[in-house]
Amino acid sequence: MRRILGIVILVLGPLVAVGALRAAGDPPAWAYNVPPAPPPGATPPAPAAPAADDGALKQLPGAAGSFTLTQIRDAFGPADWYPSDHPTMPDIVAHGKRPDVRACSLCHYPNGKGRPENAGVAGLPVSYFLQTMADFRSGARKSAEPRKANTNIMITIAKGMTDDELKAAAQYFSSMKWTPWIKVVEAGMVPKTRVAGGMFLKVEGHETEPIGARIIETPDNVEHTEALRDPHSGFTAYVPPGSLKKGEALVKNGGNGKTTACGVCHGPDLKGLGPVPGLAGRSPSYTARQLYDMQQSARKGVWTELMAPVVAKLTNEDLLAIAAYTASLAP
């Protein structure tokens with residue numbers, strides 16, 4: 001099993017020493033979506049405070065109940081809008097454990113769909129889920145972007161969970177299939193956005209801006225995602241024109257020797273193979289972050305040295321194209 005698990009991390013495990021020569025340059029800022037670093041000597045601005053709770057009960061179409069903003073974002077018992085959508089949540093998923101283990105359902109949603117700033121965990125193999133949490137615990141998995149605060153939160157959460165709690169969460173999320181959640185659109189001009197909570201959020205109005213060398217993964221409904229944490233409200237990922245074709249070449253045949261075809265480990269349809277997780281239809285922001293983290297040895301795991309030749313030659317443009325193409329595939 002450890003041999004197979006090593007293959008899992010092949011595609012998602014860390015890769016080259018931080019000091020090693022690499023092709024990608026600085027972290028792809030769009031993938032981590034953290035505020036720009038302040039000038040030397042300047043004090044970083046404080047994170048934006050969440051909207052104040054006016055005490056009003058919020059509602060969603062077809063939801064089982066109504067909740068205040070405080071209830072919706074309660075780290076130890078967030079709102080479950082659609083309980084019939086999923087199996088009964090283990091207590092660790094529904095409520096977490098004070099003081100440090102937040103409910104899994106807060107960030108990843110009860111249905112495991114998650115948002116671009118974290119991860120979609122529905123449908124992950126149990127063994128892969130457990131290995132990932134073990135890597136958080138041991139320090140083998142970190143972020144190459146030190147300002148990616150929720151990675152550090154995950155490390156704290158993993159360390160605070162018992163083995164039984166980890167197993168319960170892994171089995172719960174693994175029991176649900178990954179289904180379409182992200183629509184990928186090639187576009188040279190995209191809606192103008194602001195950065196908040198690790199996401200690109202559309203600003204009011206109809207302003208647009210050039211996409212540049214970015215993927216703009218943004219909620220289809222800002223209020224439903226940002227404030228209400230609606231697990232039925234998905235995302236659109238705008239990608240540069242031509243990126244899907246380039247990504248297909250890298251993913252399917254390795255870009256003529258630049259990397260290894262992803263299907264070798266993830267299956268020909270990229271929907272996973274045994275304990276190897278699927279890539280099809282998953283968040284491109286998340287995929288690009290993981291590839292970069294592995295390339296920088298910020299993310300380590302079993303047999304990670306075998307990933308070095310897979311990612312060593314990939315540029316940030318390659319990471320973008322791979323992430324765009326895999327996200328465009330039907331899960």
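Axes here are lines fitted to C-alpha atoms, for helices over the stretch in contact, and angles run from 0 to 180 degrees between N-to-C directions. Helices (H or I, at least four residues) and strands (E, at least two) are DSSP runs, numbered from the N terminus. This is a predicted model, in which local features need pLDDT of at least 70 and side-chain atom pairs count only at pLDDT 80 or more, while totals for chains, interfaces and linings use all residues. Residues are numbered from 1 along each chain as its sequence is written, and side-chain values use heavy atoms, with hydrogens and water left out.

Let's start with α6 (residues 126-138).

| Helix pair | Angle | Axis separation |
|---|---|---|
| α6 and α8 (residues 163-174) | about 140 degrees | 9 Å |
| α6 and α7 (residues 149-160) | about 100 degrees | 8 Å |

As for the labels, angles under 35 degrees count as roughly parallel, over 145 as roughly antiparallel, 65 to 115 as roughly perpendicular and the rest as oblique. The angle between α6 and α8 is about 140 degrees, so α6 is oblique to α8.

Contact means heavy atoms within 4.5 Å. On the α6 side, Val126, Phe129, Leu130, Met133 and Arg137 meet a run of α8 residues: Asp163, Leu166, Lys167, Ala169, Ala170, Gln171, Phe173 and Ser174. Sorted by class, that contact has 8 nonpolar, 2 polar and 3 charged residues (Ala, Val, Leu, Ile, Met, Phe, Trp, Tyr, Cys and Pro count as nonpolar, Asp, Glu, Lys and Arg as charged, and the others, Gly among them, as polar).

Now for α7. The angle of α6 to α7 is about 100 degrees, which means α6 sits roughly perpendicular to α7. Met133, Phe136 and Arg137 of α6 meet Thr151, Met154, Ile155, Ala158 and Lys159 of α7. That contact comes to 5 nonpolar, 1 polar and 2 charged residues. Met133 and Arg137 turn up in the α8 contact and again in the α7 contact.

Threonine 132 is another α6 residue worth a look. Its relative accessibility is 9%, so threonine 132 counts as buried (buried means under 20% relative accessible area, exposed over 50%, partly exposed in between, with a 1.4 Å probe and protein chains only). Not counting residues up to four places away in sequence, threonine 132 touches Arg141 and Arg299.

## The sheet

Two strands pair if DSSP finds at least two bridges between them. Three strands form an open sheet with mixed pairing, in the order β1-β7-β6. β1 and β6 are the edge strands, each pairing on one side only. On average, neighbouring strands of this sheet are turned by 25 degrees against each other, direction ignored.

β1 (residues 182-186) runs parallel to β7 over 5 bridges, with lysine 183 opposite threonine 236. β6 (residues 216-219) is antiparallel to β7, joined by 4 bridges, and proline 219 has phenylalanine 235 as its bridge partner.

How enclosed is β7? 5 of the 5 residues of β7 (residues 235-239) are buried, so the strand is largely enclosed by the rest of the structure. In a regular strand the side chains alternate between the two faces of the sheet. Here Phe235, Ala237 and Val239 point one way and Thr236 and Tyr238 the other, and all are buried.

## Other spots to check

Serine 285 belongs to helix α12 (residues 284-295) and is buried at 4% relative accessible area. Neighbours within four places aside, serine 285 is in contact with Trp30, Ala31, Pro116 and Glu217.

Proline 27 lies in the loop between α1 (2-12) and α2 (29-32) and is partly exposed, at 28%. Proline 27 and glutamate 145 are 118 residues apart in sequence, yet their C-alpha atoms are 7.0 Å apart. With neighbours within four places left aside, the contacts of proline 27 are Tyr32, Tyr292 and Asn316.

On the backbone side, the peptide bond from arginine 98 to proline 99 is cis, with omega near 10 degrees. Proline 99 is in the loop between α4 (91-94) and α5 (104-108).

Tyrosine 109 has a positive phi near 70 degrees, and leucine 270 has a positive phi near 60 degrees. Tyrosine 109, in the loop between α5 and α6, is buried at 1%. Leucine 270, in the loop between α11 (263-266) and α12, is buried at 3%.
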